[in-house]
Amino acid sequence: MKKLYLIRHCEASGQEPDAPLTENGHRQAKELVSFFESRPVDRILSSPFRRAIESIEAVAFQTNCSIEIQDDLRERVLSRQPLTDWQEHLQRTFTDFDYACPGGETSAEATRRIQDVLNDVWSHSAETTLLVTHGNLLTLYLHSLDSSFGFEQGQHLRNPDVFLVTEVDDALVFDQLDLF
C-alpha cells in the first residue's frame, strides 16, 4: 500500500524563501530523523524554500534518498503587499476559494498546484514518499481531502507536523501523527 507523509517544515526564523531553521528547528529536524528511522522511505519531495529543505536534509542522508525540489510545493502567496489584517484575509480564502488579495494566489489556484504534485506521487512507482511543504498549502490540500479540515485546524498546525495519507476504499484519508 502506498504511503505519503505530508510534512510541515520545522521552526524557521521567518517567512522569506531563504529563512533558515532556528536552533530549535534544527533540533526538530533531528527528531524527524528519529521518527523516520524505522520507516521505509523511497522518495522525498520538497518545497524550494530553505526551511523546508533544511527540515528534511538529515532524513534524506539517513535514507540515502535525494531531495527532489518541487517549485509547486512553495508556500502560497496570500498577498504581494503587506497586510495588517492578513489573518482575516486568510480566513476569507477558506470560505471563498476564488478570493485573492492584491497579487496573491486564490485557494483554488494553490490547491490545484499541490494536487498536481500529489497526482504525480500517486502515479509514481515509489511506495513511500515524503513531501515537505508549508502550513497554508498543507492545510489547503488536507481540506481538499476532508472539507471539515480548514482554517481553524490549519491555525493549530505545529512545526514540524506530519500527516500520513493512504488510500482506503478508493478514497484518500489522512491521520495526523505524533512525532515527539
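**Reading a pocket and its salt bridges**

Modeller: The largest pocket has a volume of about 890 Å³. Keep in mind that this is a predicted model.

Biologist: Which residues are closest to the centre of the largest pocket?

Modeller: Gln15, Glu75, Arg76, Trp86 and Asn136. They belong to a lining of 34 residues.

Biologist: Which elements give two or more residues to that lining?

Modeller: Three helices: H3 (86–93), H5 (135–145) and H6 (151–155).

Biologist: How do the lining residues divide into nonpolar, polar and charged?

Modeller: The lining has 12 nonpolar residues, 13 polar and nine charged.

Biologist: Now the salt bridges. How many does the count come to?

Modeller: Eight. The rule asks for a side-chain nitrogen of Lys or Arg within 4 Å of a carboxyl oxygen of Asp or Glu.

Biologist: Start with Glu23. With which residue does Glu23 form a salt bridge?

Modeller: With Arg27; their closest N and O atoms are 3.3 Å apart. Check that against the 4 Å cut-off.

Biologist: How many residues apart are Glu23 and Arg27 in helix H1?

Modeller: Four, in a helix that covers residues 23–36. About one helical turn therefore separates Glu23 and Arg27.

Biologist: Is Glu23 buried or exposed?

Modeller: Read the relative accessible area: under 20% is buried, over 50% is exposed, and in between is partly exposed. Glu23 has 62%, so Glu23 is exposed. Arg27 has 46%, so Arg27 is partly exposed.

Biologist: Next, Arg43. What is the distance between the closest N and O atoms of Arg43 and Glu68?

Modeller: 3.0 Å, and the two form a salt bridge. Arg43 sits in strand S2 (residues 43–46) and Glu68 in strand S3 (residues 67–69), so this bridge ties together parts 25 residues apart in sequence.

Biologist: Is Arg43 buried or exposed?

Modeller: Buried, because its relative accessibility is 6%. Glu68 is partly exposed, at 27%.

Biologist: What do salt bridges that share partners join into one network?

Modeller: Arg43, Glu68 and Asp120. Arg43 pairs with Glu68 and with Asp120.

Key. Residues numbered from 1 in each chain as written. Predicted model: local features only at pLDDT ≥ 70, side-chain atom pairs only at ≥ 80, totals over all residues. Heavy atoms only, no water. 1 Å grid on protein atoms, 1.4 Å probe; cavity = no way out; pocket = protein on both sides within 12 Å on 5 of 7 lines; lining within 4 Å. Points joined across faces, edges and corners; volume = space filled by probe spheres on them. Nonpolar A, V, L, I, M, F, W, Y, C, P; charged D, E, K, R; others polar. Buried < 20%, exposed > 50% of the residue type's maximum accessible area, 1.4 Å probe, protein only.
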